[in-house]
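User: I would like to learn how to read the features of a protein model. Could you take me through this one step by step?

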Amino acid sequence: MHRLFLLVFLCLVVDLNAQENQPAAANNTQDAKTNTPSPDSKTVSGPTDAKAVKSYADAMQLMKERKFTFALDEFRKADKQDGGHCIPCEAKAYKAAGEVRDFKAQREAAAAMLANVTSARDKAEAHYLAASACLTEGIANNHEKPLEAADSEFKAALDLKPDKYDCLYGDAIALAHLKQDASARERFQQFLKAVPPDDVDYARAQRFAEHPELARARVAPNFRLTSLDGKTVTLESLTGKVVLIDFWATWCGPCREALPHIQEITKKFEGQPLVVISISLDRDEAKWKEFVGSHSMTWMQYRDGQSGQIAKTFAVTAIPTTFTIDADGVLQDVHVGEADLQGKIRKLVARANEVASRKTVAEVR
């Protein structure tokens, strides 16, 4: 079992390193819906001090090698060498700290950015970054203090930029975790008025506005994807159905060995409220498509590819990894490596059928 885990882990790390060495233009996603604050909205590529430039370059290389703790130290060093005014250094330090869940370092980086930026937009963004770190820490550790800090930071950002809708949603989540349900409902309603109905979090915000207690549950991260057959789905659009998400890649031996089990599940629960989504980390689209076609993978297929954005959202560190999500969107199980999933899925599907039957009866009445 330990050998299998090691093999799986090495497969994933090698590929992610390869992805990070691809040209930056290949990845057009943003982390946590944020923009990097920049002084007076001018583009700044890095530090100007000669020593700081070297430290920054070393840090960037360490990021590519996924040595995030060392990268964090180097970005901090570069900022110090540049007189403490290198916003790109601070932004990268924030990102590196996030990779190792060093929330204190994230807050410090956000505070440094806040001290250096001047425009209301950039200050709001710095407050948002601080709030996001506090929110993640508060939820992860179930502590009120960082949740209260998140609420304060989100409010500070909204004071500067009232239309910053990501702060409305984040603050609503923070308030829900603080069990301030009335305030959470109000924030979710404000968010719903601020964004279009096709926003990825719109349907989820509607549910949370009605039932703030759901926002406190271990709800799986929401996402939007367009599958290989052209269907666009969000996790929230699958409410009422059990969802099995399988992270894999064609180059991963253990993933190929686990494939028959996924195929068996799709056949056994055909016609039941179960959706299986295979998310590939392959970079080679043609090879992925050929593999999917030749192995009769007829269920929903998506290639996370260059950015690995959904894998990052789910904090995937090894493949194959499967996430089992119930009909309310609550994460029930996470398995790394091959696993016997049918028993758990059978219970969740039965529960989903029971809830659906009760709703049907209520509608008839």
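User: Which ring does the charged end of Lys164 sit over?

Analyst: The general idea comes first: a charge sits over a ring if NZ of Lys or CZ of Arg is within 6 Å of the ring centre and within 35 degrees of the ring normal. Here, the charged end of Lys164 lies over the ring of Tyr128, at 4.9 Å from its centre. Please keep in mind that this is a predicted model, where local features need pLDDT of at least 70 and side-chain atom pairs count only at pLDDT 80 or more, while totals for chains, interfaces and linings use all residues. Residues are numbered from 1 along each chain as its sequence is written, and side-chain values use heavy atoms, with hydrogens and water left out.

User: How many helices and strands does the chain have?

Analyst: Helices (H or I, at least four residues) and strands (E, at least two) are DSSP runs, numbered from the N terminus. This chain has 15 helices and seven strands.

User: What share of the residues is buried?

Analyst: Buried means under 20% relative accessible area, exposed over 50%, and partly exposed in between (1.4 Å probe, protein chains only). Of the 365 residues in the chain, 48% are buried.

User: Which residues have the most contacts inside the largest nonpolar core?

Analyst: In soluble globular proteins, nonpolar side chains tend to be buried together. A nonpolar core is a set of buried Ala, Val, Leu, Ile, Met, Phe, Trp, Tyr and Cys residues joined through side-chain atoms within 4.5 Å. The largest one here has 46 residues, and those with the most contacts inside it are Leu225, Ile245, Phe247, Leu274, Ile277 and Phe314. Elements giving two or more residues to this core include β3 (242-248), α12 (253-268) and β4 (274-280). Strand β3 gives the most, with six residues. There is also a second, separate core of 31 residues, which includes Cys134, Ala150, Ala157 and Ala209.

User: What is Leu225 in contact with, leaving aside its neighbours within four places in sequence?

Analyst: Contact means heavy atoms within 4.5 Å. With those neighbours set aside, the partners of Leu225 are Lys231, Thr232, Val233, Ile277, Ile279, Met300, Tyr302 and Ile310. For the chain as a whole, take the contacts between residues at least 6 apart in sequence: 64% of them join residues at least 24 apart.

User: How many aromatic pairs are there?

Analyst: Rings of Phe, Tyr and Trp (its six-membered ring) pair if their centres lie within 6.5 Å; planes under 30 degrees apart count as stacked, over 60 as edge-to-face and the rest as tilted. That rule gives eleven aromatic pairs. One of them, Tyr169 with Phe188, is edge-to-face, at 5.9 Å centre to centre and 75° between the planes. Tyr169 counts as buried because its relative accessibility is 14%, and Phe188 is buried at 0%. Tyr169 also pairs with Phe191 in a tilted arrangement, 5.1 Å centre to centre with 55° between the planes. Tyr165, Tyr169, Phe188, Phe191 and Phe208 form one aromatic cluster.

User: Which cysteines form a disulfide?

Analyst: A disulfide is a pair of cysteine sulfur atoms within 2.5 Å. The structure holds one: Cys86 and Cys89, with their sulfur atoms 2.2 Å apart. The link is right-handed, with 75° about the S-S bond. Cys86 is buried, with a relative accessible area of 1%, and Cys89 is buried at 1% relative accessibility.
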